[in-house]
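Here is a short report on the fold and packing of one protein chain. Look at the model first, then read on.

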Amino acid sequence: MKKLNLAGRLVNKLRNERGWTQDELADQLQRAGWMISRSGVSKIESGFVYVHDYQIQFFAFVFRVPAVTFVPSLDLNKPVDETLGRLIFNEKRRLTPKPGRFVNAALFVANRKAA
């Protein structure tokens, strides 16, 4: 099965660090205003469902971490598609970076500095 989100592994890690069950995390998220079940948490952690940007805010709130924690960092010395290719692969949803499709971050930064 291909992964549909990048946050699932981190959600699992943060939940386990706190000693919470999936039911307890679902309860915390529900108290924050997101009506989600234990099954929904499981599907996110497994990467079976897409996580919307606004849902990241709920995770950040209940885990008490900045939302940017859930965004992968990019090495500006490497092409963006190289990093994303390691993190995302899902042909069915066309989430497979194609060579040359993304901007080379290092060249982008160099060109901006030169201008």
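A contact here means heavy atoms within 4.5 Å. On that basis, 53% of the contacts in the protein chain with a separation of 6 or more join residues 24 or more positions apart. The model is predicted.

**Overall make-up**

The protein chain has six helices and zero strands. From the N terminus on, the order is α-α-α-α-α-α. The chain counts 115 residues, and 31% of them are buried.

**Helix packing**

Helix 2 packs against helix 3 and also against helix 4. The table sets out both pairs.

| Helix pair | Residues | Angle | Axes |
|---|---|---|---|
| Helix 2 and helix 3 | 22-32 and 38-46 | about 105° | 8 Å apart |
| Helix 2 and helix 4 | 22-32 and 53-63 | roughly 110° | within 10 Å |

Take the pair of helix 2 and helix 3, at about 105°. Angles of 65 to 115 degrees count as roughly perpendicular, so helix 2 and helix 3 are roughly perpendicular to each other. Helix 2 brings Gln22, Asp23, Leu25, Ala26 and Leu29 to this contact, while helix 3 brings Arg38, Val41, Ser42 and Glu45. By class, the residues of the contact of helix 2 with helix 3 are four nonpolar, two polar and three charged.

Now the pair of helix 2 and helix 4, which cross at roughly 110°. Helix 2 and helix 4 are therefore roughly perpendicular to each other. Leu25, Gln28, Leu29 and Ala32 of helix 2 meet Phe58, Phe59, Phe61, Val62 and Phe63 of helix 4. This contact has eight nonpolar residues, one polar and no charged ones.

Leu25 and Leu29 of helix 2 take part in the contact with helix 3 and in the contact with helix 4.

**The nonpolar core**

In soluble globular proteins, nonpolar side chains tend to be buried together. In this model, the largest nonpolar core has 20 residues. Those with the most contacts inside it are Val11, Leu25, Leu29, Phe59, Phe63 and Phe70. Helix 1 (8-17), helix 2, helix 3 and helix 4 each give two or more residues to this core. Helix 4 gives the most, with five residues.

Which residues does valine 11 touch, not counting residues up to four places away in sequence? They are Leu25, Glu45, Phe59, Phe63 and Phe70. Among these partners, Leu25, Phe59, Phe63 and Phe70 are also listed with the most contacts inside the core.

Key: Residues are numbered from 1 along each chain as its sequence is written. This is a predicted model: local features need pLDDT of at least 70, side-chain atom pairs count only at pLDDT 80 or more; totals for chains, interfaces and linings use all residues. Side-chain values use heavy atoms; hydrogens and water are left out. Helices (H or I, at least four residues) and strands (E, at least two) are DSSP runs, numbered from the N terminus. Buried means under 20% relative accessible area, exposed over 50%, partly exposed in between (1.4 Å probe, protein chains only). Axes are lines fitted to C-alpha atoms, for helices over the stretch in contact, and angles run from 0 to 180 degrees between N-to-C directions. Angles under 35 degrees count as roughly parallel, over 145 as roughly antiparallel, 65 to 115 as roughly perpendicular and the rest as oblique. Ala, Val, Leu, Ile, Met, Phe, Trp, Tyr, Cys and Pro count as nonpolar, Asp, Glu, Lys and Arg as charged, and the others, Gly among them, as polar. A nonpolar core is a set of buried Ala, Val, Leu, Ile, Met, Phe, Trp, Tyr and Cys residues joined through side-chain atoms within 4.5 Å.
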